[in-house]
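Hi there,

Here is the structure I promised to pass on to you. Have a look at it first, and then read my notes below.

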Amino acid sequence: MAKRWGELPSSAGRFEVALAEPADAEMVRTLLTEAAEWMRANGIAQWSPEQFTEELIASYFAEREIFMLLMENEPAGLFTLQKSDPDYWGPLNDEGYAYLHRLTVRPNFRGLSLGKEMIYWAAKHSHETGRKGLRFDCWDQNRKLNPYYRELGMEEKGIGTLNGRQYILYEMNRELFQSL
């Protein structure tokens, strides 16, 4: 089972943040597949359920840290952090930053601001571990998430291209990152 890492207090109660282990691979895959199915059902073509193969999830454990959000041992969401992201960031990649990916909140936990809380927890963790800042990307056609990220204090740093699609590159505002 995932190794407990810290707590995330929220208006919905206290959640535990746990570092997933390879034994948690099927749960990680389930959460990501659920999110992709929700996106598909809501007309958002950012992820597809088929992309989250066992091999892809295994590669995540080799390349990044996978943090799960738990409430009373029930997975509520997850995100990953990595120290480099040349695929999306290209020449703007800087190994001094933390790169967040696969932010996911399960359907029965949506509407509790957990996405925001996980981003802020990831930023605080990144700051505490000596990273310069928190970065991530979002498909440029995602009309729901891009405005949301800007509202949370993310600044656009450019456009990345991968597999023929464009992604907006975000970095958390420096003052916000240092204040968390």
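Let me start with R102, which counts as buried because its relative accessibility is 17%; buried means under 20% relative accessible area, exposed over 50%, and partly exposed in between, with a 1.4 Å probe and protein chains only. R102 sits in strand β5, residues 98–105. Its phi is positive, about 55 degrees, although R102 is not a glycine. For background, most residues other than glycine have a negative phi.

Before going further, please keep in mind that this is a predicted model, where local features need pLDDT of at least 70 and side-chain atom pairs count only at pLDDT 80 or more, while totals for chains, interfaces and linings use all residues. Residues are numbered from 1 along each chain as its sequence is written, and side-chain values use heavy atoms, with hydrogens and water left out.

E72 also has a positive phi without being a glycine, near 50 degrees. You will find E72 in the loop between β3 (65–71) and β4 (74–82). E72 counts as exposed because its relative accessibility is 76%. A word on the names: strands (E, at least two residues) and helices (H or I, at least four) are DSSP runs, numbered from the N terminus.

Now to the strands on either side of that loop. β3 and β4 pair in the antiparallel sense over 7 bridges; two strands pair if DSSP finds at least two bridges between them. Within this pairing, L70 has P75 of β4 as its bridge partner.

The side chain of R106 reaches the backbone oxygen of P75 at 3.3 Å. R106 is also in contact (heavy atoms within 4.5 Å) with several residues beyond its neighbours within four places in sequence, including M27, E34 and G77. R106 counts as buried because its relative accessibility is 13%.

Enjoy exploring the model!

Best wishes

How values were computed: A polar contact is a pair of N or O atoms within 3.5 Å; within protein, one must be able to donate a hydrogen and the other to accept it, and residues adjacent in sequence count only if both atoms are side-chain atoms.
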